[in-house]
Amino acid sequence: MRPELKSKLKLSFLLLITALPVSVATISFNAALNSGSMGGTVNNGVLIQPPADITALEMRDEEGDPQFRRFEEMIEGIQAEEYQPRPWLMIYLSAQTCAEECQQRIHYLKQLHITLGKNIPRVRRYYLHVDEQAISPQQRSLLREQYQSMGLAFASQENIRANLQQAGVEIDLENNNYVFLVDPVGNVMMYYTDQHSHEQIKADLDRLLKYSSLG
């Protein structure tokens with residue numbers, strides 16, 4: 001067998017066995033929702049079915065360059081041994097200036113992250129500023145000073161709303177902020193509004209991390 005073909009087969013097998021636990025975790029939420037088989041405890045967030053792709057969020061860095069690619073593009077041309085799973089992402093979306101309420105929310109998300117203990121490295125937090133322009137230098141400096149491990153990005157509100165609508169997700173960024181959960185292969189699979197508590201988010205995240213060996 002040619003080395004390049006063998007490597008591709010190894011990579012395909014690796015992706016199959018690593019993506020499976022994510023599917024199992026998503027299916028478990030759906031099964032619980034439909035049957036109540038988990039003793040009445042179901043997912044707290046809004047499950048996105050089928051999931052949207054991470055590129056639907058159009059996250060860009062300060063220079064305006066995309067921060068994420070589709071999973072298929074990310075693995076194209078790499079060797080199996082070069083594949084490194086991405087962490088789970090907890091992305092906070094806001095179309096307003098991050099004032100007191102916003103800063104309180106991302107502070108609690110940071111505390112939630114800390115409570116994950118040994119699973120902390122499996123999750124990364126992002127603040128996604130939904131506007132045509134990147135976060136102001138003053139706001140960026142403040143956020144980076146207080147939340148060194150949190151990624152910063154911006155996205156067009158019009159584009160992100162249109163992209164999510166294609167996935168059946170309606171968002172109202174004029175009146176709400178959102179937290180989206182993204183799995184390590186780039187599936188935007190659940191979201192939360194301001195009405196969801198941090199305890200509800202953590203309960204779902206704990207369950208996903210328990211059922212998935214990925215990330």
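By salt bridge I mean a side-chain nitrogen of Lys or Arg within 4 Å of a carboxyl oxygen of Asp or Glu. Arg140 sits in helix α4 (residues 137–146) and Glu62 in the loop between β1 (46–53) and α2 (71–75), so this contact ties together parts that are 78 residues apart in sequence. Helices (H or I, at least four residues) and strands (E, at least two) are DSSP runs, numbered from the N terminus.

A quick word on the source: this is a predicted model, where local features need pLDDT of at least 70 and side-chain atom pairs count only at pLDDT 80 or more, while totals for chains, interfaces and linings use all residues. Residues are numbered from 1 along each chain as its sequence is written, and side-chain values use heavy atoms, leaving out hydrogens and water.

Now, is Arg140 buried or exposed? Arg140 is buried at 17% relative accessible area, whereas Glu62 is partly exposed at 38%. The cut-offs are under 20% for buried, over 50% for exposed, and partly exposed in between (1.4 Å probe, protein chains only).

Glu62 also meets Arg144 in a salt bridge, at 2.6 Å from N to O. Arg144 lies in helix α4 too, so that pair ties together parts 82 residues apart in sequence.

Finally, the whole structure has 6 salt bridges, including Arg161 with Glu174 at 3.2 Å. Thanks, everyone!
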